[in-house]
Amino acid sequence: MLARVTAASSCPEGTDAYTLSIQAGGCCMRFSTMFGRTWREIPSEAETESHRLSLRAALVRQIAAGIYAYLPLGWRVLRKITQIMREEMDAVDGQEISMPVVQPAELWRASGRYDAPAPGPALLRFKDRGDHDMVLGMTHEEVVTALARQEINSYRQLPLMVYQIQTKFRDEPRARGGLIRVREFVMKDGYSFHADTNSLDTYFERIHQAYLNVFARCGVQVFAVEADSGIFGGSQSYEFMVLSSIGEDTLVTCAACGYAANAEKATFVKGEAAKGDLLPIEKVATPGASTIQAVAAMVGVPTRQTLKAVFMSDLEGQVIFALIRGDLEVNMTKLSNALGGVELHASTTDELKAAGIVPGFASPVGVQNVRVIADESITTGTNFVAGANEPGFHLKNVNYPRDFTAEQVTDIALAQDDDPCPNCGQPLRTSRGIEAGHIFKLGTKYSSAMEATFLDSDGTAKPLVMGCYGMGTGRLLACIIEQNYDERGIIWPTSVAPFQVHLVSLGTNNPQVVEAAEVLYQELLDGGFDVLYDDRAESAGVKFNDADLIGIPVRITISKRTIEANSVECKLRRGESVELVERAQLAGWIRQALA
RNA sequence: CGGGGCGUAGCGCAGUCCGGUAGCGCGCACGGUUCGGGACCGUGAGGUCGGAGGUUCAAGUCCUCUCGCCCCGACCA
């Protein structure tokens, strides 16, 4: 008990123990009194490895769908992560602030997002006791713009960046994957303000590098990819993708030249279909041929000589006729963006019937009452095979614009494996990734809407040019686990491990061992190390298995055996071999191991 | 919001088809024996079987409604 009090003295009351440990080291915890116990069995509700391990290792506990509480071990990791974010944001002149989670609806009305379809029900709305409309902040562009309007008057104050590490709530239709996709989460979000786009562009490069630094320091490998910025984005955006089979996004990359983009955004060389003199339309019987493959085979042409029709409907039930060359697929995000960002769903049978469309044999020729959006690929060939809008028949020699019109001809094609790279022509590869960060140029979208202006050097008032930079903390924690575990448990990178040293005492029945362990514990704390001290009266197997599960980088075992050798046993979590280290050499050994 | 699955002790599960005193393993508490890779013996605590109605002499089990959680899809500023 005496040792315990002494140990606690290295984390003085009324002081932020964690900050101390970052700066001076030496924070402590006894396993026997730690809040939250590890689980021996695998929770059935968890599907992904990071989810299973974060529950089993007592990092987090689920409170409701997509809503989690952090236990001491998980919270310590989260704070290590956010501290790294702070340091990197400060390094690019960021100033930390804190903005409210509860926000007045008025601000969201001002930006136009309160009633816009885009956030829609994901924005949780409620009234306070004064009957004011309020929302739970799902992001903070509105608040930060309102602040900037008050605080920034002159170009002399620019550029500047503010950031916060704050809770967000997004009422997602479906939470999943443990901490990967949640409804309530802590996010690092930053906002920069500039007098012009040149300044934004310059700063964008710095923040881009700062993001790479954060991920590197957290021990995760990311791909920075060009991303779709959605209808609220600006000219350019990058997502930072952690490669993972459980990722919800698809990345398209080129090993040859380094091209990398989200599949929603990726382009590729589409090639051209055969060209020839325009021939007259000819109707051919194609009984039962309702797929592109079947039609091409029956008519005797390659699939790229056919036209594929894909039907989507907007919320009002208006049918969108997406037309693309038969060998390509439609990219829903591009299609939606072409229509101004409307929400689309696959058309129902009833909607198609109402529009007079025959699925499987649909034709752009003579179609009415639908909006036709065509991919540019249909213009690079001639004499295509298309549906006849009549069951069992197709049309040969269909040509644009001779035989049909389209409201738009643009790029709505989905890049897939082996498509040629838009830069170098080499085959593209697709892989799955988790979006761990997103930076984008907002431009004057919010500053214009909310009249956040500054007086420029020429004496005129101009809207602030903004950039926005987001990074999820809990999601990053999950990503770190996804990339750092084995069959025994988590293997934390040193930079984010909840503790540096896991001290295992074997022989809690032996006073000599207990005494020696307490002394060693105190020495380690005095030496500036963060130590989790397993002082429980458990068997060796239990303690070792928990140590492997929790995944602290250095494990130190003290027992009767090691005391007799005037040594302790040291083992790295990342590795198999154990080493007897003399007490005098211990501190040096640990420092080297943690370096 | 569509499709599927599951709610029984802290965790993992059986029991539900075919109604008849609520069980098993782990964990937890106490005593003892062990003591370097999830020890053993004994004793014990802990469950309105997610909730509400209904059928029945009798409901964990059958019926209706409802709430929650998970998975696939839709969705994801």
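**Helix packing and burial in a predicted model**

Me: In this predicted model, helix α3 (residues 49-56) and helix α12 (residues 473-483) pack at an angle of about 105°, with their axes 8 Å apart. What makes α3 roughly perpendicular to α12?

Reply: Angles of 65 to 115 degrees count as roughly perpendicular, and the angle between these two helices is about 105°, so α3 is roughly perpendicular to α12.

Me: Which residues meet where α3 and α12 pack?

Reply: From α3 the residues are Glu49, Ser50, Leu53 and Ser54, and they meet Ala478, Ile481 and Glu482 in α12.

Me: Why are α4 and α7 called roughly antiparallel to each other?

Reply: The axes of helix α4 (residues 72-91) and α7 cross at roughly 155° and come within 9 Å. An angle over 145 degrees counts as roughly antiparallel, and therefore the description applies to α4 and α7. The crossing in which α4 passes α7 is right-handed.

Me: Which residues of α4 and α7 meet?

Reply: On the α4 side they are Ile84, Met85, Glu87, Glu88, Met89 and Ala91, which meet Arg206, Ile207, Ala210, Tyr211, Asn213, Val214 and Arg217 in α7. Of these α7 residues, Ile207, Ala210, Tyr211 and Val214 are also among the residues of that helix that are buried.

Me: How do you know that the span of α7 is close to the expected one?

Reply: Helix α7 (residues 197-217) has 21 residues and reaches 30 Å from its first C-alpha to its last, which is close to the 30 Å expected at 1.5 Å a residue. At its start, a side-chain oxygen of Asp196 reaches to within 3.1 Å of the backbone nitrogen of Asn198, while just after the helix Gly219 takes a positive phi of about 80°.

Me: What makes Ala584 exposed?

Reply: The word exposed is used for a relative accessible area over 50%, and since Ala584 has 66%, it is exposed. Ala584 lies in the loop between β32 (578-582) and α16 (586-594). Between Ala584 and Gly341 the separation is 243 residues in sequence and 66 Å in space, C-alpha to C-alpha.

Note on methods:
Residues are numbered from 1 along each chain as its sequence is written. Chains are lettered from A and ligands numbered from 1 in the order in which they are written. This is a predicted model: local features need pLDDT of at least 70, side-chain atom pairs count only at pLDDT 80 or more; totals for chains, interfaces and linings use all residues. Side-chain values use heavy atoms; hydrogens and water are left out. Helices (H or I, at least four residues) and strands (E, at least two) are DSSP runs, numbered from the N terminus. The expected span of a helix is 1.5 Å times one less than its number of residues. Buried means under 20% relative accessible area, exposed over 50%, partly exposed in between (1.4 Å probe, protein chains only). A polar contact is a pair of N or O atoms within 3.5 Å; within protein, one must be able to donate a hydrogen and the other to accept it, and residues adjacent in sequence count only if both atoms are side-chain atoms. Axes are lines fitted to C-alpha atoms, for helices over the stretch in contact, and angles run from 0 to 180 degrees between N-to-C directions. Angles under 35 degrees count as roughly parallel, over 145 as roughly antiparallel, 65 to 115 as roughly perpendicular and the rest as oblique. A crossing is left-handed if the near helix is turned anticlockwise from the far one by less than a right angle, and right-handed if clockwise. Contact means heavy atoms within 4.5 Å.
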